[in-house]
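I wrote each finding down as I went.

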Amino acid sequence: MNVFDYLFRNSKDLDKDLVSGPKETAGYREVYEDSLKISAYLRNECGQDQNIILISDNSLFFIKVYLGILKSGNTCVPLNPGIEQSNFDLILKTTSCRHVFHKACPNLQFGGSLRLWGPQEVEQIAGKDNLP
C-alpha cells in the first residue's frame with residue numbers, strides 16, 4: 001500500500017471537493033480517476049522504479065501528477081518552477097531523470113533527450129479511458 005491507496009481507500013467515491021480554491025476545484029472522484037489514469041500511462045510509457053521530475057506551482061496539475069507518479073511505482077522529484085537552470089541540470093544529472101512533467105517554468109531549457117509532459121498532455125492522458 002502506498003500513499004495513493006491510503007488516501008483513497010475510503011474516499012475515492014466521496015461526493016465532496018478534495019481541492020477547493022479560488023482558481024481550481026476538484027472532487028475526490030476526479031482526482032482519484034485522473035491520477036489513476038496518469039499512473040497507468042506512466043507504467044506503460046516509463047515502467048517502474050524511475051525518478052520522474054515534477055516542476056509546478058501548487059495546483060491541481062501538481063496534485064494529479066504527483067499522485068499518479070507515486071501510484072505508478074515511480075519516485076517523484078518535485079521542483080519549484082523558479083529553479084535556476086544550473087540547479088535543474090545538476091538534479092537531472094544526479095537523479096538520472098529522463099521524464100519531466102512541467103507547468104509554468106519559462107526560464108528552463110529542456111534537453112532533447114528528456115520526455116516532457118505539460119498541462120495539455122496531462123489532460124489528454126487523463127481523458128483517455130486507460131484505467132486498469
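My entries on the helix and on the aromatic pairs follow.

I noted that this is a predicted model, in which local features need pLDDT of at least 70 and side-chain atom pairs count only at pLDDT 80 or more, while totals for chains, interfaces and linings use all residues. Residues are numbered from 1 along each chain as its sequence is written, and side-chain values use heavy atoms, with hydrogens and water left out.

Entry one, helix α5. I looked up residues 119–127 and found V122, I125 and A126 buried (under 20% relative accessible area, with exposed over 50% and partly exposed in between, for a 1.4 Å probe and protein chains only). Helices are DSSP runs of H or I with at least four residues, strands runs of E with at least two, numbered from the N terminus. Seen down the axis, the buried residues of α5 fall within an arc of 95°, so they line one face of the helix; the arc is that of the directions from the helix axis to the C-beta atoms. On the other side of α5, I found Q120, E123, Q124 and G127 exposed.

Entry two, aromatic pairs. I found seven of them in the structure, where rings of Phe, Tyr and Trp (its six-membered ring) pair if their centres lie within 6.5 Å, and planes under 30 degrees apart count as stacked, over 60 as edge-to-face and the rest as tilted. One of them is F4 with F8, tilted at 5.0 Å centre to centre and 55° between the planes. Both F4 and F8 are buried, and F4, F8 and Y32 form one aromatic cluster.
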